[in-house]
Amino acid sequence: MAEDANADIAKMSFEAALEELERIVEQLERGEVELEKSIAIYERGAALKAHCEKRLKDAQLKVDKIVLGPDGEAKTEPADLER
């Protein structure tokens, strides 16, 4: 599937991407989709899965930035997500 066909995925929220991914999995599990369409939606599903994994990783990095300060109080530090 072409890159530009999946360009919209980068703008999706985690929840929207996961919802679409679940619909794709259901379609594939039912086996009611023609072979060519199955391949196309499988590729989109793979891109959605990668997007969801990245969003989860980014969220984990933010959570990991919560640290205890010198006074024992929890504080947050800005996460450097531009790696």
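Accessible areas here come from the Shrake-Rupley method with a 1.4 Å probe, and for residues, only the protein chains shown count as cover. On this basis the chain exposes about 6500 Å², of which carbon and sulfur atoms supply 54%. The structure is a predicted model, in which local features need pLDDT of at least 70, side-chain atom pairs count only at pLDDT 80 or more, and totals for chains, interfaces and linings use all residues. Residues are numbered from 1 along each chain as its sequence is written, and side-chain values use heavy atoms, with hydrogens and water left out.

The chain has two helices and two strands, arranged along the sequence in the pattern α-α-β-β. Helices (H or I, at least four residues) and strands (E, at least two) are DSSP runs, numbered from the N terminus. Of the 83 residues, 22% count as buried; buried means under 20% relative accessible area, exposed over 50%, and partly exposed in between (1.4 Å probe, protein chains only). Contact means heavy atoms within 4.5 Å. Among contacts in the chain with a separation of 6 or more, 50% come from residues 24 or more positions apart.

Two packed helices are described by the angle between their axes and the distance between the axes. For helix α1 (residues 14-30) and helix α2 (residues 35-64), the axes come within 9 Å and cross at roughly 145 degrees. Such axes are lines fitted to C-alpha atoms, for helices over the stretch in contact, and angles run from 0 to 180 degrees between N-to-C directions. On the α1 side, the contact is made by F14, A17, L18, E20, L21, I24, Q27 and L28, while the residues of α2 include I41, Y42, L48 and L56. By class, this contact has eleven nonpolar, four polar and five charged residues. Here Ala, Val, Leu, Ile, Met, Phe, Trp, Tyr, Cys and Pro count as nonpolar, Asp, Glu, Lys and Arg as charged, and the others, Gly among them, as polar.

A residue from each helix can now be visited in turn. Q27, found in helix α1, is partly exposed, with a relative accessible area of 23%. Leaving aside its neighbours within four places in sequence, Q27 is in contact with E32, V33, K37 and I41. The C-alpha atoms of Q27 and S38 are separated by 8.4 Å, with the two residues eleven apart along the chain. A50 lies in helix α2 and counts as partly exposed because its relative accessibility is 40%. A50 and I9 are 41 residues apart in sequence, yet their C-alpha atoms are 9.8 Å apart in space.
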